[in-house]
Amino acid sequence: MSAIPTRSPVPPRKTQRLRLDAYRPEDRDAFLGLVLDPRVMARVDGPADRDAALALFARICGESGEPGEPECMAWAVFEHDTYVGHVFLVWIDVDPEIGFVFAPAAWGRGLATEAAGEVLAFARDSLGLARLTASVDLQHAASRRVLEKIGLHRVAQEQDRDGAYLRYAWQAGDCP
Ligand SMILES: CC(C)(COP(=O)(O)OP(=O)(O)OC[C@H]1O[C@@H](n2cnc3c(N)ncnc32)[C@H](O)[C@@H]1OP(=O)(O)O)[C@@H](O)C(=O)NCCC(=O)NCCS
């Protein structure tokens with residue numbers, strides 16, 4: 001079991017345009033709207049239905065969690081006061097994975113890059129992590145581009161029951 005505090009509130013972060021906050025109960029409907037939007041989840045392994053999304057939200061808020069579930073830290077991302085996305089770190093293997101999901105209305109303006117870059121900086125500077133990974137659908141050009149812009153690079157092509165995907169990684173000493 002890792003020593004990373006999963007269910008304690010995550011520290012807030014700020015970027016030029018965005019506020020990254022710990023989730024609050026009142027963010028629930030916005031979160032459900034995001035992760036149950038088929039346009040958003042087309043290439044993401046997300047909750048299968050509303051009940052699964054509610055369970056995930058409870059876990060993100062630290063209200064529940066089964067022993068053995070992967071630890072995670074998740075930020076609700078706001079532009080002004082509008083919820084625009086979700087960025088997380090999850091400890092499935094030894095090295096944590098970074099992930100991000102943004103609302104279609106926010107796509108194409110560099111917001112995912114800005115928020116994910118901030119979480120990578122937090123992982124490096126505050127958690128002292130030396131390596132981060134990500135997995136992404138082979139055909140998912142936008143997500144691959146975000147990973148590359150924040151400093152991850154492609155390390156492997158892997159296969160699971162859903163098909164081929166790419167593994168990306170960042171390690172201390174890489175840019176930025
Ligand atoms: C992937 C996602 C997070 C990108 O969000 P975003 O805010 O639009 O990302 P950004 O604007 O920061 O950067 C996107 C980059 O991809 C590029 N891009 C977008 N679509 C592309 C395409 N079809 N082909 C090539 N590049 C593409 C953009 O041009 C931009 O790169 P640039 O700055 O060099 O021009 C967003 O589309 C999303 O949430 N999708 C659904 C959830 C998801 O798939 N998450 C990733 C799981 S691994």
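## Ground rules

Two residues are in contact here if their C-beta atoms, placed from the backbone, lie within 7 Å. Residues are numbered from 1 along each chain, following the sequence as written. You're looking at a predicted model, where local features need pLDDT of at least 70, side-chain atom pairs count only at pLDDT 80 or more, and totals for chains, interfaces and linings use all residues.

## The overall picture

The chain has 5 helices and 8 strands. Both kinds of element are DSSP runs numbered from the N terminus: helices are H or I with at least four residues, strands are E with at least two. Starting at the N terminus, the order reads β-β-α-α-α-β-β-β-α-β-α-β-β.

How about size? A compact globule of 176 residues would have a radius of gyration near 16 Å, and the chain, at 15 Å, agrees with that. (That radius is taken over C-alpha atoms, and the globule rule is 2.2 Å times the number of residues to the power 0.38.) Along the principal axes, the C-alpha atoms fill a box of roughly 40 × 35 × 35 Å.

## Helix 1 meets helix 3

Helix 1 (residues 28-35) packs with helix 3 (residues 50-60) at an angle of about 130°, their axes 10 Å apart. Axes are lines fitted to C-alpha atoms, for helices over the stretch in contact, and angles run from 0 to 180 degrees between N-to-C directions. That makes helix 1 oblique to helix 3 (under 35 degrees is roughly parallel, over 145 roughly antiparallel, 65 to 115 roughly perpendicular, and the rest oblique).

Who touches whom? On helix 1, Arg28, Phe31, Leu32 and Val35 meet Arg50, Ala53 and Phe57 of helix 3. By class, this contact has 5 nonpolar, no polar and 2 charged residues. Ala, Val, Leu, Ile, Met, Phe, Trp, Tyr, Cys and Pro count as nonpolar, Asp, Glu, Lys and Arg as charged, and the others, Gly among them, as polar.

## Helix 4 meets helix 5

The axes of helix 4 (residues 111-125) and helix 5 (residues 141-150) come within 9 Å and cross at roughly 45°, so helix 4 is oblique to helix 5. In helix 4, Ala112, Thr113, Ala116, Gly117 and Leu120 meet Val146, Lys149 and Ile150 in helix 5. That contact splits into 5 nonpolar, 2 polar and 1 charged residues.

## Around the ligand

Of the 22 residues around the ligand, Ala112, Thr113, Ala141, Ala142 and Arg145 come nearest; to count as near, a residue's C-beta atom, placed from the backbone, must lie within 6 Å. Strand 5 (97-102), helix 4 and helix 5 are the elements giving two or more residues to this shell. Helix 5 gives the most, with 5 residues.
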